[in-house]
Amino acid sequence: MASVVCPGVPDEEVVALAVDQGRVLVTEDKDFGALAVVAKMAPLGVVRLSLPRFDPIKKASRLVAVLASEDPIGNILVVEPTRTRSHSIL
């Protein structure tokens with residue numbers, strides 16, 4: 001399944017698209033986790049990258065490593081440089 005990039009689109013529309021298409025949302029924006037939990041607009045899962053000063057290649061490598069060991073389905077994963085926090089969206 002191809003990725004969808006939505007720069008400049010309101011957060012609610014991005015989450016609605018992820019919900020409609022049954023996708024996991026990968027973002028660097030904290031607001032998507034709040035929308036999933038508080039507004040009950042839960043996509044399949046949310047992966048938030050909190051990797052300041054990481055270049056795009058290192059971010060992608062860290063994301064791949066996390067997804068090899070953590071399941072984003074039904075969760076919000078917060079990917080940090082040395083740890084990953086997981087919170088259920090259910």
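**Charged residues in a predicted model**

Let's start with R23. R23 sits in the loop between α1 (11–21) and β1 (24–27). Helices here are DSSP runs of H or I with at least four residues, strands are runs of E with at least two, and both are numbered from the N terminus.

A word on the source. This is a predicted model, where local features need pLDDT of at least 70, side-chain atom pairs count only at pLDDT 80 or more, and totals for chains, interfaces and linings use all residues. Residues are numbered from 1 along each chain as its sequence is written, and side-chain values use heavy atoms, leaving out hydrogens and water.

Now the overall layout. The protein chain has three helices and four strands. From the N terminus, the order is α-β-α-β-α-β-β. The chain has 90 residues, and 33% of them are buried. Buried means under 20% relative accessible area, exposed means over 50%, and partly exposed is in between, with a 1.4 Å probe and protein chains only. The accessible surface is about 5,700 Å², and carbon and sulfur atoms hold 58% of that. Those areas come from the Shrake-Rupley method with a 1.4 Å probe; for residues, only the protein chains shown count as cover.

Next, contacts, meaning heavy atoms within 4.5 Å. Take those in the protein chain with a separation of 6 or more: 36% are between residues 24 or more positions apart.

Which residues of α1 are buried? They are V14, V15 and A18. Looking down the axis of α1, these buried residues fall within an arc of 95°, so they line one face of the helix. That arc is taken over the directions from the helix axis to the C-beta atoms. An α-helix has 3.6 residues a turn, so residues three or four places apart point the same way. Just after α1 comes G22, with a positive phi of about 65°.

Then R23 again. R23 is buried but has no salt bridge. A salt bridge needs a side-chain nitrogen of Lys or Arg within 4 Å of a carboxyl oxygen of Asp or Glu. The nearest side chain of opposite charge is D20, 10 Å away. For charge, Lys and Arg are positive, Asp and Glu negative; His and the chain ends are not counted. The side chain of R23 does make a polar contact of 2.5 Å with that of Q21. A polar contact is a pair of N or O atoms within 3.5 Å; within protein, one must be able to donate a hydrogen and the other to accept it, and residues adjacent in sequence count only if both atoms are side-chain atoms.

R48 is in strand β2 (residues 45–49). R48 is also buried without a salt bridge, and E80, the nearest side chain of opposite charge, is 5.7 Å away. Leaving out residues up to four places away in sequence, R48 touches several others, including T27, L77 and R85.

How many salt bridges does the whole structure have? Three. One joins the side chains of E28 and K59, at 2.4 Å, N to O. E28 lies in the loop between β1 and α2 (31–37) and K59 in helix α3 (residues 56–69), so the pair ties together parts 31 residues apart in sequence. E28 is partly exposed, at 48% relative accessible area.

E80 meets R83 in another, at 2.5 Å, N to O. E80 also meets R85, at 2.9 Å, N to O. Shared partners put E80, R83 and R85 in one network. E80 is buried at 14% relative accessibility. R83 is partly exposed at 47%, and R85 is partly exposed at 29%.
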